[in-house]
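Please examine the sequence and the structure shown below.

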Amino acid sequence: MVNLTIDGKKIQVDEGTTILKAATKAGFKIPSLCFHPVIEPYAACRVCMVETRIRGKSDLVTSCNTKVEEGLEILTASERTLQARRLNVEMLLARAPAAEPLRQIAADLGIDKTRFPVKDPDEKCILCGLCVRACEQIVGASAISFIERGEERRVSTPFGEESEACIGCTACAFFCPTGAITVEDKYGRKVIHDEMFLGPTTAIRVPIRQAVPMVPFIDKEACIHFKTGECKVCAKVCDREAINHDMEDQIMEIEAGSIILATGFETFDARRIPAYGYGRFPNIITAMEFEHLVNASGPTGGKVLLSNGEEPKAVGLIHCVGSRDENYHAYCSRVCCMYSLKFAHLLKEKTKASIYDFYIDMRCFGKGYEEFYHRLLEEGTKFIRGRVSEINTLALTPDEEGKLIVRVEDTLLGVVRRIPVDMAILATGLEPSVDHNRLAKTFNISCSQDTFFLERHPKLAPVSTFSDGIFLAGTCQGPKDIPDTVAQAGAAAAEALALADWGKVELDPVTAVIVEEHCSGCQLCIGLCPFTAITYDKDKDVSIINDVLCKGCGTCVSACPSGASYQKHFRDEQIFAEIEGILSI
């Protein structure tokens, strides 16, 4: 430990600590514009000057890169310190008069304006080099550097041209202390709707806010280290040393008595319907993108904005995008009507826009849903019954110039209407996840006609499958809203726990049997069995049925060419006896 004095206060700090860190730890504020804790101190701005006294010698030093010594006395606000600090700030003001943090420090020091000539009143860069060092030392891209000399010195890419070395990480803008570097859309758009995602978009994040356990992970696609091999700032600042960039994915085998499938859903890709213009017109967005737009933690702070940064004056909500359509999905996605009504309500709260809701049938099936629909009617939302045929920008009147034109057949009026809007929100439907078919084969379960997982019985066993011990929960079984998903998840958990509580498994009494004396060993039944319950015994040259796996479907019985397979309780003799019993009554 090192003993020192800061403005008359005696403190102890670790050896090797800089004066700036020691003063900050002791509660003294020393201004700085070029310091960042994860980058090696450079003392470029020289605003952090302090006066030091040791062994009868006094000196002015930059506190960010000067280390403490035993018996050192530090004066952070002496007249000599403040005089040097004012001079440096005045020179920086002449260089970058538009830098707001610099102007704040100048105001704290009592400086109204600089005595030196100002070249560019809009300049913000103070040439501190934080962006350059971040790009070189942290990112490892070296896409920007100092160019020119003297008064022409500035930060830029090589030869001032677009650099191929840039990976678009925006670290330069993040470390810039004065806002001289900003990240902007090259087409001048203020809001880029199709680049919005739900939840945080940093490289380190938790999967969702309700994740269990609440443990963050590193997204390799977004992490700078996995792009350049550098950075590792997270590992430097983690006191627990919990970050290891060298970890590899592992495949683990776990024995389980029951499995609950809750694989969720994918939203319909609106690009599959070219007539709706999604991806071609910037203000046509999907429901997920609008959900992020109105979120208070979203990129616009919850404000509903067009791509040019303005508030919309008219918004159209298009229902059943990808649902109830024989060209895509014939089924109803169930949630689209209600979240579209929610969007209409949020738009009324956040904007003064006219809301047009284009629907086929309003399906408000849940508790309190119909009342919410009538509330929207009272709020002034304009409901138009009819499927939207297309959205384009072809204006026929001056009022349609610069608008999105929604063409729709109003079935209540019996006419085709053209509705000009500023923003169109597509209520995309739900469809099975990408690896749905692969999972169905892996767990040996069936899919219904709409490709969702098939339950054992829609009423008597809505969470069970034909494979014992495998249960369904949520939208993997079919489209449903949150209350129904929660209820089904609870039922699936209860079914899984019931198996463990019983301590035994009940087998179906109706199973198939193979008479070994009659089996020819053709193995035709093995490939036909949907439950992989039949195996082949090479020693006996016969097929054998596993009673635990067999579900008594009868496929092997009907397909056996030698008649060696039969189904328990459904033998010919039993069927004939039942017929005779019925006829004899």
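Buried here means under 20% relative accessible area, whereas exposed means over 50% and partly exposed lies in between, with a 1.4 Å probe and protein chains only. The strand spans residues 423-428, and six of its six residues are buried. Strands (E, at least two residues) are DSSP runs, numbered from the N terminus.

The model is predicted, so local features need pLDDT of at least 70 and side-chain atom pairs count only at pLDDT 80 or more, while totals for chains, interfaces and linings use all residues. Residues are numbered from 1 along each chain as its sequence is written, and side-chain values use heavy atoms, with hydrogens and water left out.

Two strands pair if DSSP finds at least two bridges between them. Strand β12 (residues 284-286) pairs with β19 in the parallel sense over three bridges, and I425 in β19 is the bridge partner of I285. Strand β13 (residues 314-321) also runs parallel to β19, joined to it by five bridges; here I318 stands opposite L426.

Why does A424 count as buried? It does so because its relative accessibility is 0%. Leaving aside residues up to four places away in sequence, A424 touches N283, I284, I285, G316, I318, I391 and L404, where contact means heavy atoms within 4.5 Å. A424 and I285 are 139 residues apart in sequence, yet their C-alpha atoms are 6.4 Å apart in space.

Technical notes
Helices (H or I, at least four residues) and strands (E, at least two) are DSSP runs, numbered from the N terminus.
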